Amino acid sequence: MSVQNQFSKYANDYSSNNIIQQIVSKALVRDINSKPKRILELGCGSGQVFSQIDWKLEYYKATDFSQSMCDIHPQETNLDIYCFDFDSEEFWYNIKNEDYDIVLSSSAMQWSKNLSKLVNRLMAVSNEINAVLFTSNTFKSIQKITKKESPILDLETIKNSFLQYCDCEFEVFTYNLEFNNKKDLFKYIKNSGVSGDSDLNFKEAKKLFKEYDKNYLEFEVVFIKAFSKQ
Ligand SMILES: C[S@@+](CC[C@H](N)C(=O)[O-])C[C@H]1O[C@@H](n2cnc3c(N)ncnc32)[C@H](O)[C@@H]1O
């Protein structure tokens with residue numbers, strides 16, 4: 001299943017399966033001190049980031065490539081919601097003549113097919129990006145058993161993509177999310193929106209269920225504050 005379909009499929013019950021995303025999106029907004037008035041958001045989902053903002057905005061552009069997510073995003077007068085793939089030319093043509101105080105993104109940019117190109121483009125429309133990205137160390141013990149590579153970007157690639165064009169501050173956090181039983185744990189992976197394309201066949205899934213001996217799931221995220229190079 002493509003990443004886009006996976007997010008769309010679970011759009012309606014997504015809020016009950018995204019505890020880590022909720023924690024990191026709150027932290028992302030809490031860390032913004034400048035009260036930016038014009039904001040561009042990438043991978044807005046159901047509006048976790050927008051909903052945390054408690055200061056007056058001039059303009060907010062929320063973008064996501066899943067129409068089902070865009071449909072459940074809160075609506076406001078000074079807010080536009082666009083269904084765009086942030087790696088697409090269509091997205092670039094839409095934003096390239098604009099100017100933002102800040103670009104925000106929570107739990108989304110790890111899916112970029114060309115993160116350094118995306119960062120370069122974003123720095124043309126804003127002097128600052130605040131983002132939090134999951135890294136390939138998310139579900140790392142599971143990958144050890146399945147021997148399948150993470151579908152999301154690794155920390156080094158993420159850092160290098162930003163460092164090419166920006167002065168950066170990075171903070172890496174790991175979270176272990178505990179479950180009462182294995183069934184709930186595996187259901188969470190499927191519905192969480194961070195497992196991507198790595199669907200297992202029946203035999204592989206059975207092996208994983210048998211061999212995974214932890215009662216928690218591992219997540220790794222990197223918080224990034226990126227500024228135009230001095
Ligand atoms: C894990 S969700 C996070 C949603 C929201 N930012 C939050 O914090 O709850 C990731 C979102 O990124 C979107 N997304 C993933 N890849 C994308 C891309 N290439 N272009 C636009 N949106 C993308 C998905 O559709 C999904 O809504």
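Predicted model: local features only at pLDDT ≥ 70, side-chain atom pairs only at ≥ 80, totals over all residues.
Guide: A residue is near a molecule if its C-beta atom, placed from the backbone, lies within 6 Å of it.

Visitor: Which residues come nearest to the ligand?

Guide: The shell around the ligand holds 22 residues, and those that come nearest are Gly43, Gly45, Gln48, Phe65 and Ala108. Two or more residues of this shell are given by each of helix H1 (3–9), helix H2 (19–30) and helix H3 (48–52). Sorted by class, the shell has 10 polar, 9 nonpolar and 3 charged residues.

Visitor: What does the secondary structure of the chain come to?

Guide: The chain has 10 helices and 7 strands. Of its 230 residues, 35% are buried. Contacts can also be read by separation in sequence: among those between residues at least 6 apart, 72% join residues at least 24 apart.

Visitor: In what order do the strands of the sheet stand?

Guide: The sheet is open and has 7 strands, in the order E3-E2-E1-E4-E5-E7-E6, with mixed pairing. E3 and strand E6 (166–178) each have a single partner strand, so these two stand at the edges, with one side of each left without a neighbour in the sheet. On average, neighbouring strands are turned by 15 degrees against each other, direction ignored.

Visitor: How many bridges join strand E4 to strand E5, and do these strands run parallel or antiparallel?

Guide: Strand E4 (residues 102–106) and strand E5 (residues 128–134) run parallel and are joined by 4 bridges. Within this pair, leucine 104 stands opposite asparagine 130 in E5.

Visitor: Which strands does helix H8 lie across?

Guide: Helix H8 lies across E5, E6 and strand E7 (216–228), and its direction is at about 155 degrees to that of E6.

Visitor: What describes two packed helices?

Guide: The general idea is that the angle between the axes and the distance between the axes describe such a pair. Here, the axes of helix H6 (residues 115–125) and helix H8 (residues 155–163) come within 8 Å and cross at roughly 35 degrees. The crossing of H6 with H8 is right-handed. On the H6 side, Leu115, Ser116 and Val119 take part, meeting Thr157, Ile158, Ser161 and Phe162 in H8. The residues of this contact comprise 4 nonpolar, 3 polar and no charged.

Visitor: Is phenylalanine 86 buried or exposed?

Guide: The reading rests on a count: a residue is buried if 20 or more other C-beta atoms lie within 10 Å of its own. Phenylalanine 86 counts as buried because it has 23 C-beta neighbours inside 10 Å. Its place is in the loop between strand E3 (79–82) and helix H5 (89–95). Leaving aside neighbours within four places in sequence, phenylalanine 86 is in contact with Leu42, Gly43, Thr63, Phe91, Ser112 and Leu118. Glycine 43 is 43 residues away along the chain, yet its C-alpha atom is separated from that of phenylalanine 86 by 7.9 Å. Gly43 is also one of the residues that come nearest to the ligand.

Visitor: Is proline 74 buried or exposed?

Guide: By the cut-off of 12 or fewer, proline 74 is exposed, because 12 other C-beta atoms lie within 10 Å. Proline 74 is found in the loop between helix H4 (67–72) and E3. Apart from neighbours within four places in sequence, proline 74 is in contact with Gly47, Phe50 and Ser51.

Conventions: Residues numbered from 1 in each chain as written. Axes fitted to C-alpha atoms, helices over the stretch in contact; angles between N-to-C directions. Left-handed = near helix turned anticlockwise from the far one by under 90°. Contact = placed C-beta atoms within 7 Å. Nonpolar A, V, L, I, M, F, W, Y, C, P; charged D, E, K, R; others polar. Pairing = 2+ DSSP bridges.
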